[in-house]
Amino acid sequence: MAEQKVRWGILATGGIAAAFTADLVDLPDAEVVAVASRRQESADAFAERFGIPRAYGDWTSLAEDGDIDVVYVATPHSAHREAAGLCLEGGRHVLCEKAFTLNAREAAELVALAKARGSFLMEAMWMYCNPLVRRLKALVDDGAIGEVRHVQADFGLAGPFPPSHRLRDPAQGGGALLDLGVYPVSFAQLLLGEPSDVTARAMLSAEGVDLQTGALLSWDNGALASLHCSIVGGTATAASITGSAGRIDVPGGFFFPERFVLHRDGRDPEEFTADPADGPRNTLRHEAAEVMRALRAGESESPLVPLEGTLAVMRTLDAIRDRVGVRYPGEEATGEETAGEAPELTPA
């Protein structure tokens, strides 16, 4: 696959699929050759919009299309296990949106399937591929602020979202945590790894999904992360990392930052800004480029978005849902609630 274009298939035709495809078609080494939806009309309209040669009214045809190198799965996360699994079974490589799956069990099944097939698999955690986020992580890893003591991050939307919206539908994995909270959790674990303990509280809807959730993660070395997500209040989407020798502040949009400020003890603040050459803040091209780089290198996973990191995030999301009492249809309680951590349920 050295110098030829990487051929993409798009599975689903919603807003995130359109945003990704719009960025993908601008990459000279990418070619979008097919799209699939459960409705032929949707696939046809999407194909016409982006000039895609083949449109399928079912997922299996896309998964079995041998002219496709990699499929971008952009369904609601409740369907990720089915959709990504179909593509892996069909011999396709897969980039799957986040949250990666509904739960850690489904995520582990996909990872095992990809490894058994020798296929590439990556979570579409575009934040990890963002050049300025990578610069921030490099500074932290190099000890710019000493040992990390605390991470704070929030992501909330004002709404309101009616009960019929997918964000409030348990059957679609609704709630703030899997849709928005995955970003603060992933940010904290990018810097600190998987936590040793999780505490959480939430306000739940009448349908049983979380409208807002606060989580406190802790690590054996004493580090803490204070995280918040919401679909009932817009937040600053800010983040801060406090270390033993300084602090990094990301004033807004921490998952696609325009800038961040490094405060080192005894030194003037240093501001780091995004390079305009890297494209708009909300571009998804960096994750697409990482997938294509990895495929050309013959890698089965990306070092920027490693599968074990994705599994660790899913385990944390499971633990948070255990603490607050959110269950999706077909799931069983894992019995991880402990005394003193009973979920606080506030119907809305």
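Me: Where does Thr 237 lie?
Reply: Thr 237 lies in the loop that runs between strand E10 (224-230) and strand E11 (239-243). Strands here are DSSP runs of E with at least two residues and helices are runs of H or I with at least four, both numbered from the N terminus. This is a predicted model, in which local features need pLDDT of at least 70 and side-chain atom pairs count only at pLDDT 80 or more, whereas totals for chains, interfaces and linings use all residues. Residues are numbered from 1 along each chain as its sequence is written, and side-chain values use heavy atoms, with hydrogens and water left out.

Me: What about the phi of Thr 237?
Reply: Thr 237 is not a glycine, yet its phi is positive, at about 45°. For context, most residues other than glycine have a negative phi, and most peptide bonds are trans.

Me: Thr 237, buried or exposed?
Reply: Thr 237 counts as buried because its relative accessibility is 14%; the cut-offs are under 20% relative accessible area for buried, over 50% for exposed and partly exposed in between, with a 1.4 Å probe and protein chains only.

Me: And E11, how many of its residues are buried?
Reply: Four of the five residues of E11 are buried, so the strand is mostly covered.

Me: Which sense does E11 pair with E7 in?
Reply: E7 and E11 pair in the antiparallel sense, over five bridges, where pairing requires that DSSP finds at least two bridges between the strands. Within that pair, Thr 242 of E11 is the bridge partner of His 150. E11 also pairs in the antiparallel sense with strand E12 (residues 246-250), again over five bridges, and there Gly 243 has Gly 246 of E12 as its bridge partner.

Me: How many residues sit between E11 and E12?
Reply: E11 and E12 form a hairpin, and two residues sit between them.

Me: Which peptide bond from Gly 159 is cis?
Reply: The bond from Gly 159 to Pro 160 is cis, with omega near 0°. Pro 160 is in the loop between E7 and H8, and Gly 159 is found in the loop between strand E7 (148-156) and helix H8 (176-192). Gly 159 is partly exposed, because its relative accessible area is 36%. A cis bond also links Lys 98 to Ala 99, with omega near -10°, and Ala 99 lies in the loop between strand E5 (93-96) and helix H5 (104-117).

Me: Now the cysteines: how many disulfides does a search of the whole structure find?
Reply: The search finds zero disulfides, a disulfide being a pair of cysteine sulfur atoms within 2.5 Å.

Me: What does Thr 21 touch?
Reply: Leaving out residues up to four places away in sequence, Thr 21 touches Ile 10, Val 32, Phe 46, Phe 50 and Ile 52, with contact meaning heavy atoms within 4.5 Å. Thr 21 is placed in helix H1 (residues 15-24) and is buried, with a relative accessible area of 0%.

Me: Overall, what is the radius of gyration of the protein?
Reply: The protein has a radius of gyration of 20 Å, which agrees with the value near 20 Å for a compact globule of 348 residues; the radius is taken over C-alpha atoms and the globule rule is 2.2 Å times the number of residues to the power 0.38. Along its principal axes the C-alpha trace spans about 55 × 45 × 40 Å.

Me: How many helices and strands are there?
Reply: The protein has ten helices and 14 strands, and 52% of its 348 residues count as buried.
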